[in-house]
Amino acid sequence: MFPQLLVNGLVTGSVYAIAAVGVSLVYGLLRLVNFAYGDMMAFGALITFGVNGPLHQSMIVAALVGMATTAILALLLDFALWRPLRIRRAGFMSLFLASIGLALVLRQALLLFGSAQPRTYRVNPYRVFVLGSVRVSEAQTIAIAAAAATIVAVALLLAYTTTGRVLRAMADDRSLAAVAGIDVERAIRIAWIASGLLAGLAGILAALVEYSFDPNFGFQLLLPVFAAVVLGGIGSAYGALAGGLALGIAQEVSTWSGFAGGVNPTYKPVVAFLVLTVALLIRPQGFFGQARVA
């Protein structure tokens, strides 16, 4: 029972981790809390369904189209909304309200053009791989493999490429990076592209794992994703990865009967925020955040 819950937690945590990295990349550069991120995830999942379902393309092709389309959406939103606000030097509250407004607009647009009807990908829900006492569905296998590859790719990108070093320098001090000759706007565009790709992938994997989804499911994932960002350390991509995995595993393992009978699965989201609260009491800056010195 426990190994099965651990694998389930790894699947859930992988989705949280991928989405949290996308949120952290943008926050690190722009100090923007993107409340529309959950709806961007739903957008990517719906585009993928359109290619995989009605157009009868393979899941791989559909996922690539969904991720690319979500990245384009992220760039368009930056051009139409976020860049004008940057030029006007909008404050945190203005960005906060714009983000909430954008989330509402995107969600209603998805419901208007996509309807609230549940959808499923063309993946066999009855195909299961058995490893000892652990049963892993085809969708979960795809999610774990894709998440593992993405996490490794993101870590390598940030640690060993020029683009990764530029993004980390911008996150540390944007003004100093600009003085050093870094093209700030180009770096921001790259961050939005990466964030959009990760949003699309996280939405696709979440939809795969849930099997049936609708345009509202991205909003339901938003709070756990933000909790993962805070737990890992706001603005830290590595912390977002760790925070997402930790929260996902904690949620699933908490239902194990060995823990005083286990928690009712209905209250798994409560467990995630309880873990977040306890962790922040011990380390307020998060796993990889930097403590502020007064």
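This is a predicted model: local features need pLDDT of at least 70, side-chain atom pairs count only at pLDDT 80 or more; totals for chains, interfaces and linings use all residues.
**Entry 1: the whole chain**

Residues are numbered from 1 along each chain as its sequence is written, and side-chain values use heavy atoms, with hydrogens and water left out.

Next I checked the overall shape. The C-alpha trace spans about 55 × 50 × 35 Å along its principal axes. The radius of gyration of the chain is 19 Å, which agrees with the value near 19 Å for a compact globule of 294 residues. This radius is taken over C-alpha atoms, and the globule rule is 2.2 Å times the number of residues to the power 0.38.

I also found that 48% of the 294 residues count as buried. Here buried means under 20% relative accessible area, exposed means over 50%, and partly exposed is in between (1.4 Å probe, protein chains only).

Then I turned to contacts (heavy atoms within 4.5 Å). Among those between residues at least 6 apart in sequence, 73% join residues at least 24 apart.

**Entry 2: helices and strands**

I found eleven helices and two strands in the chain. Both are DSSP runs numbered from the N terminus: helices are H or I with at least four residues, and strands are E with at least two. From the N terminus on, I read the order as α-α-α-α-β-β-α-α-α-α-α-α-α.

**Entry 3: salt bridges**

Side chains of opposite charge can pair when their charged atoms come close. For a salt bridge, I looked for a side-chain nitrogen of Lys or Arg within 4 Å of a carboxyl oxygen of Asp or Glu. By this rule I get six salt bridges.

One of them joins R107 and D39, with N to O at 3.0 Å. R107 sits in helix α4 (residues 92-114) and D39 in helix α2 (residues 37-52), so this pair links distant parts of the chain, 68 residues apart. Are these two partners buried or exposed? R107 is buried at 11% relative accessible area, and D39 is buried at 2%.

Another salt bridge pairs R86 with D78, whose closest N and O atoms are 2.7 Å apart. I noted R86 as buried, with 17% relative accessible area, and D78 as buried too, with 3%.

R83 and E185 form a further salt bridge, with their closest N and O atoms 3.6 Å apart. R83 lies in helix α3 (residues 59-87) and E185 in helix α8 (residues 184-210), so the pair ties together parts 102 residues apart in sequence. R83 is partly exposed at 34%, and E185 is partly exposed at 26%. Salt bridges that share partners join D78, R83, R86 and E185 into one network.

**Entry 4: aromatic rings**

How many aromatic pairs does a search of the whole structure find? I got seven. Rings of Phe, Tyr and Trp (its six-membered ring) pair if their centres lie within 6.5 Å; planes under 30 degrees apart count as stacked, over 60 as edge-to-face and the rest as tilted.

The rings of Y121 and F213 have centres 5.3 Å apart and planes at 40°, so I call the pair tilted. Y121 is in the loop between α4 and β1 (128-131), F213 is in the loop between α8 and α9 (217-232), and the two are 92 residues apart. Y121 and F213 are buried.

F213 also pairs with F217: the centres are 5.4 Å apart and the planes are at 55°, so this pair is tilted. F217 is buried, at 2% relative accessibility. Elsewhere in my notes, ring pairs link F35, F92, F96 and F226 into a cluster.

**Entry 5: two backbone angles**

Which residue other than glycine has a phi near 55°? That is R31, in the loop between α1 (2-30) and α2. R31 is partly exposed, with a relative accessible area of 41%.

Y211 is not a glycine and has a positive phi of about 75°. I placed Y211 in the loop between α8 and α9, and Y211 counts as partly exposed at 41% relative accessibility.
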